[in-house]
Amino acid sequence: GGGRNTRPSAHPVQWRMNTDNLLHDGVRVRQSSQRLRARALVQIKEAFSVRKNTTETSAKALKVKIEETERLRKEVFEVMQSVEGEMETLREAITSVRKTEHGLESPLSVAQARLTKRTIKPDQEYVLDAAELSLEREVKDLQRSRRILNQESDKQEGDYEKLDAQRAQMLQDIQDKEAAHAIDSDCLSSLSALMGRYLEAGGSPGTPFPK
């Protein structure tokens, strides 16, 4: 007759306990996994919500900045135009003053020549009379007028240079604002495009924000 099987065997009670423990562990692990999945889903939705809100906030802020930049650019441009208009008017004024100043050269030269010519009169006839005083006053008046006009044109030239420097600063500011406007507009476009392409975990392009 055959011999008895000598393989180790579990006791029926132990066998049942082992199976129960395995089943219990399986349920516990599955439930833990379910809890993790549920928590992860909440976190995913929260992440999408945060991302959506921050993107929308950034887009709104960019729109405000773009509008403000454009408004200020227009204001600076308008003031620059007024500065350029003043520069043109001032240049005409400077030309007029210079022309008037130059126009005094001939009368002054003639007046000085008349005054000098009277000095060659005979000694007995060279008298500090009203005519002599009038000629001296004429020369002094013409010299003073020329000096005042020269000083005035110098001041106007200084003002013109200040206006030109201001115009250059405004032009640079306008160019800077135009560059900033273009950059912010590009950022806004990319944000707008991004808002339509957010992905859910494992999703595909075009997947909307989770509800």
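Start where α2 passes α3: the crossing is left-handed. The model on your screen is a predicted one. Select residues 105–117 for helix α2 and residues 130–195 for helix α3. Their axes lie 9 Å apart, and the packing angle is about 150°. Angles over 145 degrees count as roughly antiparallel. The pair α2 and α3 is therefore roughly antiparallel.

Now show the side chains at this contact. On the α2 side, pick E105, P107, L108, A111, Q112, R114 and L115. On the α3 side, pick E132, L135, E136, E138, V139, L142, Q143 and R146. Colour them by residue class.

**Zoom out**

Return to the whole protein chain. How many helices and strands does the protein chain have? There are three helices and zero strands. Read from the N terminus, the order of elements is α-α-α.

The protein chain exposes about 15700 Å². Carbon and sulfur atoms supply 55% of that area. Of the 211 residues, 17% count as buried. Take the contacts between residues at least 6 apart in sequence: 80% of them join residues at least 24 apart.

**Helix α1 against helix α3**

Select residues 12–103, which make up helix α1. The axes of α1 and α3 are 7 Å apart, at an angle of about 160°. That angle makes α1 and α3 roughly antiparallel, because the cut-off is 145 degrees. The crossing of α1 and α3 is left-handed. By class, the residues in the contact of α1 with α3 split into 24 nonpolar, nine polar and 20 charged.

**Two stops on this pair**

Centre the view on R73. This residue belongs to helix α1. Is R73 buried or exposed? R73 counts as buried, because its relative accessibility is 17% and the limit for buried is under 20%. Which residues does R73 touch, once those up to four places away in sequence are set aside? They are I174, K177 and E178. Select those residues together with R73 to see the set.

Move on to E157, in helix α3. E157 has a relative accessible area of 22%, so it is partly exposed. Leaving out neighbours within four places in sequence, E157 is in contact with R91, I94 and R98.

**Last stop: α1 meets α2**

The axes of α1 and α2 are 4 Å apart, and the angle is about 20°. How do α1 and α2 run, roughly parallel or roughly antiparallel? They are roughly parallel, because the angle is under 35 degrees. Select E101, H102 and G103 on α1, then E105, S106 and P107 on α2. These residues make the contact between the two helices. Colour them by class once again. One is nonpolar, three are polar and two are charged.

Step through the pairs in turn: α1 with α2 is roughly parallel, α1 with α3 roughly antiparallel, and α2 with α3 roughly antiparallel.

Notes:
Residues are numbered from 1 along each chain as its sequence is written. This is a predicted model: local features need pLDDT of at least 70, side-chain atom pairs count only at pLDDT 80 or more; totals for chains, interfaces and linings use all residues. Side-chain values use heavy atoms; hydrogens and water are left out. Axes are lines fitted to C-alpha atoms, for helices over the stretch in contact, and angles run from 0 to 180 degrees between N-to-C directions. Angles under 35 degrees count as roughly parallel, over 145 as roughly antiparallel, 65 to 115 as roughly perpendicular and the rest as oblique. A crossing is left-handed if the near helix is turned anticlockwise from the far one by less than a right angle, and right-handed if clockwise. Contact means heavy atoms within 4.5 Å. Buried means under 20% relative accessible area, exposed over 50%, partly exposed in between (1.4 Å probe, protein chains only). Accessible areas come from the Shrake-Rupley method with a 1.4 Å probe; for residues, only the protein chains shown count as cover. Ala, Val, Leu, Ile, Met, Phe, Trp, Tyr, Cys and Pro count as nonpolar, Asp, Glu, Lys and Arg as charged, and the others, Gly among them, as polar.
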